[in-house]
Amino acid sequence: MSEWLVLTLAMLAACAVVVVVTLVRHRTAAEDEDPSETPDVIEYMTMWIGVVYAIVLGLAIAGVWEARVAAQDHVQAEAQALHEISERVRVYPAGVRDRIRSDVNAYVGHVVTTEWKAMAEEGRVTVRGDRLLDRVRADVTDYRPASDFQAQAYQPLVDQVTAADQARAARADSTGATMPGVVWFGLVAGALVTIGMVFALQIRRTARELILAGLFSALIAFLLFLIWDFDAPYSRGVSASADAFLSFFPRAGS
């Protein structure tokens, strides 16, 4: 059974229970019962719909913002690990050191100039990026240290390659949208219900009420846009940037 079918059945069941209970209570109510003594149901429900929807919007914004911050952290961790590799190979012979640094620079240049566009437009990392990082790993792991000093630097270099690979995998996993479709359904449906309750209260055509209703609708639209903008950490307006790579490797973007 799909999640959409479960959701539909749950919503229909909830509505059916409320309608049935209301009808049964209405038929079994005493003849002298005065409904005017109870609070206005429309105002009560409007208040709680607004409160519940505000909580849902807040949680959604917090979720997508946290995903964006995590995406930027993945970029920072990957760039830091590659920088450590480039710096720590200074204890290796010149030929080995230059080859590793050249492959690191090639990988970073590809990420900044090519792979970042693929992440933004296609929501994925590139196969060539995987190969370039594999070349860096082979450079580091295949070298046999010729002295104790080089041997002491070998394992930390391998660890930094592992850290860069893990950060790249995390970056690849976070390229797509973070909000499931069912959540977007709830956000849009909640917005329609919340704004629709304004008309249920019989809004008048005074300038003050029309302005307030318009501002209220515009605020909800802005919050939904904010969630949509943060939802894809690498491809929309307020997105994670490649500045971490460029700060460690200034020539990568050229």
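Analyst: Buried means under 20% relative accessible area, exposed means over 50%, and partly exposed lies in between (1.4 Å probe, protein chains only). The model is predicted: local features need pLDDT of at least 70, side-chain atom pairs count only at pLDDT 80 or more, and totals for chains, interfaces and linings use all residues. Residues are numbered from 1 along each chain as its sequence is written, and side-chain values use heavy atoms, with hydrogens and water left out.

User: How many salt bridges does the count come to?

Analyst: Side chains of opposite charge can pair when their charged atoms come close. A salt bridge requires a side-chain nitrogen of Lys or Arg within 4 Å of a carboxyl oxygen of Asp or Glu. By this rule, the count comes to 12.

User: Is Asp 139, which forms a salt bridge with Arg 99, buried or exposed?

Analyst: The closest N and O atoms of Asp 139 and Arg 99 are 3.6 Å apart. Arg 99 has 39% relative accessibility and therefore counts as partly exposed. Asp 139 has 10% relative accessibility, so Asp 139 counts as buried.

User: Which residue meets Glu 115 in a salt bridge?

Analyst: Glu 115 is buried, because its relative accessible area is 0%. The N to O distance in its salt bridge is 2.8 Å, and the partner is Arg 168.

User: Which helix holds that partner, Arg 168?

Analyst: The pair links distant parts of the chain, 53 residues apart, with Glu 115 in helix α3. Helices are DSSP runs (H or I, at least four residues), numbered from the N terminus. Arg 168 lies within residues 148-173, which form helix α5.

Technical notes. Helix = DSSP H or I, 4+ residues; strand = E, 2+ residues; numbered from the N terminus.
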